[in-house]
Amino acid sequence: MLFETGSLTRQIEYFFFFHLIIQHSKMLSIFNSIPTHMDYKGQKLAEQIFQGIILVSAVIGFVYGLIIEQFGWTVYIVLGGFAVSCLLTLPPWPMYRQNPLSWQPALPETTGETQHKPQENLKKKKHK
């Protein structure tokens, strides 16, 4: 049964498929080492920086476009400000991770057969 018609071809396809999956998972493990989180104060700072850059670029673009009477330059300056603000606020730079939350420690798992939640020990009220 191992060497049926098409069986060897199918085994070779499976080999290459699983080899591709293993290589893909190795590539993804590189991305797992990159930090992807921001704390709440960092999110607030990123939002303020984003809004400030957009506002400043819009004012500069409007004034410059008004002076040279070219609306296109206004759009280019605002788009440039948008690109700069995205570069500064979208990646989780270390300045956005300076106030981490302190999480509660994980509860140890019980290996017994009966695992009760703390709420289950309380007396249940009967509804009328």
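This is a predicted model: local features need pLDDT of at least 70, side-chain atom pairs count only at pLDDT 80 or more; totals for chains, interfaces and linings use all residues.
Colleague: Which elements make up the chain, and in what order?

Modeller: Helices (H or I, at least four residues) and strands (E, at least two) are DSSP runs, numbered from the N terminus. Here you get three helices and zero strands, running α-α-α from the N terminus on.

Colleague: How does the span of helix 2 fit its number of residues?

Modeller: The expected span is 1.5 Å times one less than the number of residues. Helix 2 has 29 residues and should span 42 Å; its end C-alpha atoms are 42 Å apart, so the two agree.

Colleague: And which residues of helix 2 are buried?

Modeller: G42, A46, I53, S57, G61 and G65 are. The buried residues of helix 2 pack against helix 3, where contact means heavy atoms within 4.5 Å.

Colleague: What does S85 touch, leaving aside its neighbours within four places in sequence?

Modeller: S85 is in contact with F50, I53, I54 and L90. This serine sits in helix 3 and is buried, with a relative accessible area of 0%. S85 and F50 are 35 residues apart along the chain, yet their C-alpha atoms are separated by 5.2 Å.

Colleague: Now the surface: which residues make the nonpolar patch?

Modeller: Patches take residues with over 30% relative accessible area and no salt bridge; like charges are joined within 9 Å, nonpolar side chains (Val, Leu, Ile, Met, Phe, Trp, Tyr) within 5 Å. A salt bridge is a side-chain nitrogen of Lys or Arg within 4 Å of a carboxyl oxygen of Asp or Glu. Areas come from the Shrake-Rupley method with a 1.4 Å probe; for residues, only the protein chains shown count as cover. The patch here is about 1100 Å², made by L55, V59, F62, V63, Y64, L66, I67, I68, W73 and Y76. Helix 2 (40-68) and helix 3 (71-89) each supply at least two of its residues, with helix 2 giving the most, eight.

Colleague: Which spans does UniProt list as "transmembrane region"?

Modeller: The unreviewed entry lists residues 12-28, 49-67 and 73-93; such annotations may be inferred rather than shown by experiment. In the model, residues 49-67 are 100% helix and 0% strand, while residues 73-93 are 81% helix and 0% strand. Their end C-alpha atoms lie 27 Å apart for 49-67 and 30 Å apart for 73-93.

Colleague: Last one: what phi does E69 have?

Modeller: Most residues other than glycine have a negative phi. E69 has a positive phi of about 55° although it is not a glycine. Its place is the loop between helix 2 and helix 3, and E69 is exposed, with a relative accessible area of 68%.

Methods
Residues are numbered from 1 along each chain as its sequence is written. Side-chain values use heavy atoms; hydrogens and water are left out. Buried means under 20% relative accessible area, exposed over 50%, partly exposed in between (1.4 Å probe, protein chains only).
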